[in-house]
Amino acid sequence: MEKSKMERISFLSRKQRSEGLTDAEKQEQAILRKEYIDEIKGNLKSSLENVYTLDNEGNETKLKKKNK
């Protein structure tokens, strides 16, 4: 995520705690938070796609997606 967006998220968070946000700022904050969370989830997913486990014999097995 861009540094400017991270700084804006932090600014809105501080402002929310100190004086409150306008409706437009609340909407902007929600959009920025969703974008941030989606990026974190994407990074985690791509990391997990490259994880392998080793069995007792030293064979690598790629992790499988867990069915719900």
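Me: What classes of residue does the lining of the largest pocket have, and in what numbers?

Reply: In this predicted model, the lining of the largest pocket has five charged residues, two nonpolar residues and no polar ones.

Me: What makes glutamate 35 and lysine 5 a salt bridge?

Reply: The closest N and O atoms of glutamate 35 and lysine 5 are 2.6 Å apart, and because the limit is 4 Å between a side-chain nitrogen of Lys or Arg and a carboxyl oxygen of Asp or Glu, the pair qualifies as a salt bridge. This pair links distant parts of the chain, with glutamate 35 in helix H2 (residues 23-48) and lysine 5 in helix H1 (residues 3-18), 30 residues apart. The structure holds four salt bridges.

Me: How do you know whether glutamate 35 counts as buried, partly exposed or exposed?

Reply: Glutamate 35 has 30% relative accessibility, and since buried means under 20% and exposed over 50%, glutamate 35 counts as partly exposed. Lysine 5, with a relative accessible area of 25%, is partly exposed too.

Me: What makes arginine 8 and glutamate 28 a salt bridge?

Reply: Arginine 8 and glutamate 28 bring their closest N and O atoms to 2.9 Å apart, which is within the 4 Å cut-off, and the pair is therefore counted as a salt bridge. Here again distant parts of the chain are linked, with arginine 8 in helix H1 and glutamate 28 in helix H2, 20 residues apart. Arginine 8 has 28% relative accessibility and counts as partly exposed, and glutamate 28 is likewise partly exposed, with a relative accessible area of 28%.

Me: Why are lysine 34 and aspartate 38 separated by about one helical turn?

Reply: Lysine 34 and aspartate 38 are separated by about one helical turn because they are four residues apart in helix H2. They form a salt bridge, with the closest N and O atoms 3.1 Å apart. Lysine 34 is exposed, with a relative accessible area of 52%, whereas aspartate 38, at 39% relative accessibility, counts as partly exposed.

Me: How do you know that the buried residues of H1 line one face of the helix?

Reply: The buried residues of H1 are Ile9, Leu12, Ser13 and Lys15; seen down the axis of H1, they fall within an arc of 165°, so they line one face of the helix. The face turned away from this buried side carries the exposed residues Lys3, Arg17 and Ser18. The 16 residues of H1 reach 23 Å from the first C-alpha to the last, close to the 22 Å expected at 1.5 Å a residue.

Me: What makes isoleucine 31 exposed?

Reply: Isoleucine 31, whose place is in helix H2, has a relative accessible area of 51%, and since exposed means over 50%, isoleucine 31 is exposed. The C-alpha atoms of isoleucine 31 and isoleucine 9 are separated by 9.9 Å, the two residues being 22 residues apart along the chain.

Methods. Residues are numbered from 1 along each chain as its sequence is written. This is a predicted model: local features need pLDDT of at least 70, side-chain atom pairs count only at pLDDT 80 or more; totals for chains, interfaces and linings use all residues. Side-chain values use heavy atoms; hydrogens and water are left out. Ala, Val, Leu, Ile, Met, Phe, Trp, Tyr, Cys and Pro count as nonpolar, Asp, Glu, Lys and Arg as charged, and the others, Gly among them, as polar. Helices (H or I, at least four residues) and strands (E, at least two) are DSSP runs, numbered from the N terminus. Buried means under 20% relative accessible area, exposed over 50%, partly exposed in between (1.4 Å probe, protein chains only). The expected span of a helix is 1.5 Å times one less than its number of residues. The arc is that of the directions from the helix axis to the C-beta atoms.
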